[in-house]
Amino acid sequence: MAEEADPAAADAHPVVGTRSVDIVVYLMLMAFAALFAFDNWRTGMAWEADGPQAGYFPFYLSVVLGAASLYGLADKLFVAVGAGDTFVTGEQLRRVMQVFVPTLLFCVFMQWLGLYVASFILIAGFMWFVGRIALWKSLTTALLFSLFMFLTFDIAFDVIMPKGPLEAAFGH
């Protein structure tokens with residue numbers, strides 16, 4: 001008797017292991033520590049007669065960060081414990097990207113469309129595509145939320161928010 005293929009199991013393959021992610025994160029932390037150490041050395045990290053210079057404490061914090069990252073990196077490179085652990089599967093990565101990509105696009109489009117129009121598109125898109133909610137409910141909810149945000153921030157509190165061509169067409 002042949003076993004039926006489970007579609008969820010097909011996407012449950014590991015995309016990346018925990019060890020690989022740990023190594024990349026330790027390398028990035030070491031790079032940040034080196035950058036911060038250099039910048040604080042350039043700013044001044046000595047102890048003067050009147051006390052520490054501006055970069056004194058941040059420099060030594062970056063040295064500690066670099067040393068801790070180096071220790072963690074050495075541990076991951078030379079100790080094979082947990083080498084086969086899965087960090088993320090294909091299905092998990094797909095679900096994370098369903099949130100990450102629209103949020104990134106929201107941040108980019110907000111520069112041209114303004115906060116309220118970009119929020120409308122983001123909310124309606126999430127509700128319709130990810131939430132599988134009826135289109136009319138998604139559009140109505142997004143419109144009401146964006147309108148509420150506009151009335152709250154721009155009208156009631158007079159807070160300056162990023163605006164786009166639609167707000168300019170209405171004189172805001």
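Which residues line the second largest pocket? The legends below start there. This is a predicted model, in which local features need pLDDT of at least 70, side-chain atom pairs count only at pLDDT 80 or more, and totals for chains, interfaces and linings use all residues. Residues are numbered from 1 along each chain as its sequence is written, and side-chain values use heavy atoms, with hydrogens and water left out.

**View 1. The second largest pocket, lined from helix 4 and helix 5.** The lining is made of Gln-98, Pro-102, Leu-105, Phe-106, Phe-109, Ala-118, Ile-121, Leu-122, Gly-125, Phe-126, Phe-129 and Val-130. A pocket here is an open set of points on a 1 Å grid over the protein atoms alone, where a 1.4 Å probe fits, with protein on both sides within 12 Å along at least five of seven lines; lining residues have an atom within 4 Å of a point. The space in this pocket comes to about 230 Å³, a volume being the space filled by probe spheres set on the points, which are joined across faces, edges and corners. Helix 4 (90-113) and helix 5 each supply at least two lining residues, and helix 5 gives the most, with 7. Helices (H or I, at least four residues) and strands (E, at least two) are DSSP runs, numbered from the N terminus. By class, the lining has 10 nonpolar, 2 polar and no charged residues. Ala, Val, Leu, Ile, Met, Phe, Trp, Tyr, Cys and Pro count as nonpolar, Asp, Glu, Lys and Arg as charged, and the others, Gly among them, as polar.

**View 2. The largest pocket, with about 280 Å³ of space.** Its lining residues include Tyr-116, Phe-120, Leu-143, Phe-150, Leu-166 and His-172. Two or more lining residues come from each of helix 5 (115-130), helix 6 (135-156) and helix 7 (165-169). Helix 6 gives the most, with 4 residues. This lining holds 8 nonpolar, 2 polar and 1 charged residues.

**View 3. Helix 2, residues 18-43.** Val-21, Ile-23, Ala-33, Ala-37 and Asn-40 are its buried residues. Buried means under 20% relative accessible area, exposed over 50%, and partly exposed in between (1.4 Å probe, protein chains only). Strand 1 (14-17), helix 3 (56-78) and strand 4 (86-89) are among the elements that cover these buried residues. Just after the helix, Gly-44 takes a positive phi of about 125°.

**View 4. A salt bridge between Lys-76 and Asp-22.** The closest N and O atoms are 3.1 Å apart; a salt bridge is a side-chain nitrogen of Lys or Arg within 4 Å of a carboxyl oxygen of Asp or Glu. Lys-76 lies in helix 3 and Asp-22 in helix 2, so the pair ties together parts that are 54 residues apart in sequence. Lys-76 counts as buried at 18% relative accessibility, while Asp-22 is partly exposed at 22%.

**View 5. Two further salt bridges, out of 4 in the structure.** Asp-39 and Arg-42 meet at 2.4 Å, N to O. They sit 3 residues apart in helix 2, and so are separated by about one helical turn. Asp-39 is partly exposed at 32%, and Arg-42 is exposed at 53%. Lys-163 and Asp-154 also pair up, at 2.6 Å, N to O. Here Lys-163 is partly exposed at 27%, whereas Asp-154 is buried at 11%.

Conventions
Expected span 1.5 Å × (residues − 1). Contact = heavy atoms within 4.5 Å.
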